[in-house]
Amino acid sequence: MRESVQAVQAEVMMSFLVSEELSFRIPVELGYESCDPYAVRLTFHLPGDAPVTWAFGRELLIDGVGRPCGEGDVRVSPVDIDVLGEVLIRLQVGGDQALFRSSAAPLVAFLDRTDKLVPLGQEGALADFDAHLDEALDRILAEEQSAG
């Protein structure tokens, strides 16, 4: 018998930073599913564009609230290392990048809810993990193909 997928979702208002002078607030959806316990999904929708979803490590988001983390496409860091106030999330593909600024509080609340669903460090203990991983990879590839 298969366990049902449990999920945590939150909508967080973030500033989308277009440039030093220009930013606007948009709702960003955060998602987490027990069938893909290592990843969180961040979905945003800019006016005139299709929704964009990024999947990246839950641990990267957890660590990035308190200290600069990430290499490559996804980087997360506090705005001020000495104050748990705001967090920058930088998503980059080639020369294109999206930069978000969020209050830390809703991110921490979301991460706390994911931890109650699947405690950090217990991800690998989920039954049938390999099958879930294959399903998740298939779903991500299908999403990328349909979006591309």
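Which residue in β7 is the bridge partner of Val-93? Keep that in mind as you tour this predicted model.

**Stop 1: β1 and β2.** Select residues 7-17 for strand β1 and residues 23-33 for strand β2. The two run antiparallel, joined by 11 bridges. Now pick Phe-16 and look across to β2, where its bridge partner is Phe-24. Follow the chain from β1 to β2: a hairpin links them through five residues.

**Stop 2: on to β3.** Click Glu-29, then find Thr-43 opposite it in β3. Here too there is a hairpin, with five residues between β2 and β3.

**Stop 3: the cysteines.** Select Cys-35. Its relative accessible area is 8%, so Cys-35 is buried. Next select Cys-69. This residue is buried as well, at 11%. Do not look for a disulfide: a search of the whole structure finds zero.

**Stop 4: β5 and β6.** Select residues 74-78 for β5 and residues 86-93 for β6. They pair in the antiparallel sense over five bridges. Highlight Val-76 and its bridge partner in β6, Ile-89.

**Stop 5: β6 and β7.** Now for the opening question: the bridge partner of Val-93 in β7 is Asp-96. Zoom in on the hairpin, which has two residues between β6 and β7. Click Gly-94 in the turn: its phi is positive, about 55°.

Terms used:
Residues numbered from 1 in each chain as written. Predicted model: local features only at pLDDT ≥ 70, side-chain atom pairs only at ≥ 80, totals over all residues. Heavy atoms only, no water. Disulfide = S-S within 2.5 Å. Buried < 20%, exposed > 50% of the residue type's maximum accessible area, 1.4 Å probe, protein only. Pairing = 2+ DSSP bridges. Helix = DSSP H or I, 4+ residues; strand = E, 2+ residues; numbered from the N terminus.
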